[in-house]
Amino acid sequence: MEVEAVIFDLDGVLVHTDRFHYLAWAELADEKGIYFDENINQRLRGVSREQSLEIILERYDGPELSPEEKKEMTDKKNATYRKFLERMTSDDVSQEVRDTLQKLKASGLKLAVGSSSKNTKFILEKTGLADEFDAVSDGTMIKRTKPDPEVFRLAGNLLGMKPEKCLVVEDAVAGIEAGKAAGMKTAAYGEAATGHIADYDLEHFSDLLKILINHADRG
Ligand code: B16
Ligand code: MG
């Protein structure tokens, strides 16, 4: 069945806030004396703030932390992360991403964001992307984050699209799993593309045009 809607992950796909997540978690881990590296960081892609902390704490061997202490840690990480976000501008969205979104839209496809992040709306506003999408489904609207399909199901519902007509674009393994669990087609970009687990692997963001437009005339 033909794809009629594209649901984009945000962090690591539309914008490179993944670097800011890494730096903010690294600062917190350093402060607490917890070992943290790029490999551990890969496992944080697409998963919630709270689950990310649990992954980081796998390397912590101090006294047990209370829920309040954990909340303090996630709040601190988010405050550091938000400082990076504050400095974002439209320059943080590549011309390739902008052109591709515009061409997909012009071809008649519906576009949505499906992100685990509770900072999604802030990032879309800072980067001038807020008006580019027909729907936004994010971490403030769901109970379970990726690999659970909830965020993508909600995006599909907001667009009024059946799952099989949606293509999910993701940089996280957890995100590809979520897209599949939602019954949607999947395209892997960046880190997720190295595992060949999706229906399509994208070398460049603009490869979406080859998959979605060049094979069909939408008029
Ligand atoms: P926040 P995505 C995800 O965004 C990030 O990949 C993940 O690293 C982060 O923990 C999660 O959002 C929650 O983000 O702390 O801003 O609510 O990839 O689903 O767009
Ligand atoms: Mg992502």
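Helix α8 (residues 173-181) lies across β4 and β5, running at about 170° to β5. Contact here means heavy atoms within 4.5 Å. Helices (H or I, at least four residues) and strands (E, at least two) are DSSP runs, numbered from the N terminus. Axes are lines fitted to C-alpha atoms, for helices over the stretch in contact, with angles from 0 to 180 degrees between N-to-C directions.

This is a predicted model, where local features need pLDDT of at least 70, side-chain atom pairs count only at pLDDT 80 or more, and totals for chains, interfaces and linings use all residues. Residues are numbered from 1 along each chain as its sequence is written, and side-chain values use heavy atoms, leaving out hydrogens and water.

Now look at the sheet. Six strands form an open sheet, in the order β3-β2-β1-β4-β5-β6, with parallel pairing. Two strands pair if DSSP finds at least two bridges between them. β3 (135-137) and β6 (200-202) each have a single partner strand, so one side of each is left without a neighbour in the sheet. Four bridges join β4 (residues 166-170) to β5 (residues 185-189). Val-168 stands opposite Thr-186 in β5.

Next come the domains. The domain assignment, automatic or from a database, gives domain 1 (5-16 + 94-214) and domain 2 (18-85). Their C-alpha centres lie 25 Å apart. The contact takes 16 residues from domain 1 and 16 residues from domain 2.

Across this interface the rule finds one salt bridge. Such a bridge is a side-chain nitrogen of Lys or Arg within 4 Å of a carboxyl oxygen of Asp or Glu. Arg-45 forms a salt bridge with Asp-171, their closest N and O atoms being 2.5 Å apart.

Conventions. Chains lettered and ligands numbered in written order.
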